[in-house]
Amino acid sequence: MKFLTDENIGFKVINPLRKNGFDIKSILETNPGADDVKVLSIANTEDRILITTDKDFGELVYVNKLVHAGVILLRLSNDSSENKIKVLKSLFKLHLEELEKAFTVVTENKVRIRKD
């Protein structure tokens, strides 16, 4: 499974996950400044699940009906890199196979996976 991180997911999060064997690209490396539609398009074209903290992707997926390979929306009360890593590692451990083509909303205490 492959992932693309939005600009709001920093390298302090990405690098430790890469070291754990996850195939993660950052939009900061490939297309910095790309708008949300472009980011979602890149993720879809490369068959990567997008990881973001930007709620606008919900509108793009549900209102505008844009195609996606999967979106993980982090809605964390603690926005630290350490917390993001902890939450993502837990998500991947418990729900990795469910994330493809799903819109997933993750908090510190809850995971909601929606496939439409």
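Is D47 buried, exposed or partly exposed? D47 is partly exposed, at a relative accessible area of 38%; here buried means under 20%, exposed over 50%, and partly exposed in between, with a 1.4 Å probe and protein chains only. Keep in mind that this is a predicted model, where local features need pLDDT of at least 70, side-chain atom pairs count only at pLDDT 80 or more, and totals for chains, interfaces and linings use all residues. Residues are numbered from 1 along each chain as its sequence is written, and side-chain values use heavy atoms, with hydrogens and water left out.

**View A. D47 and its acidic patch.** D47 sits in the loop between α3 (36–45) and β3 (49–52); helices (H or I, at least four residues) and strands (E, at least two) are DSSP runs, numbered from the N terminus. Together with E97, E98 and E100, D47 makes up a patch of negative charge on the surface. To join such a patch, a residue needs over 30% relative accessible area and no salt bridge, and like charges are linked within 9 Å. Asp and Glu count as negative, and the charge is placed at CG of Asp or CD of Glu.

**View B. Two residues with positive phi: D47 and K101.** Most residues other than glycine have a negative phi. D47 isn't a glycine, yet its phi is positive, at about 55 degrees. K101, also not a glycine, has a positive phi of about 60 degrees. Look for K101 in the loop between α5 (81–95) and β5 (103–106), where K101 is partly exposed at 45% relative accessibility.

**View C. The R18–E29 salt bridge.** Five salt bridges turn up in a search of the whole structure, each being a side-chain nitrogen of Lys or Arg within 4 Å of a carboxyl oxygen of Asp or Glu. In the one between R18 and E29, the closest N and O atoms are 2.7 Å apart. R18 belongs to helix α1 (residues 11–19) and E29 to helix α2 (residues 27–30), so the pair ties together parts eleven residues apart in sequence. Both ends are partly exposed, R18 at 27% and E29 at 42%.

View D. K25 forms a salt bridge with E46, with 3.1 Å between the closest N and O atoms. K25 is in strand β2 (residues 23–26) and E46 in the loop between α3 and β3, so this pair ties together parts 21 residues apart in sequence. K25 is partly exposed at 27%, and E46 is partly exposed at 26%. Through shared partners, salt bridges join D23, K25, E46 and R48 into one network.

Note on methods
Patches are made of residues with over 30% relative accessible area and no salt bridge: like charges are joined within 9 Å, nonpolar side chains (Val, Leu, Ile, Met, Phe, Trp, Tyr) within 5 Å. Accessible areas come from the Shrake-Rupley method with a 1.4 Å probe; for residues, only the protein chains shown count as cover.
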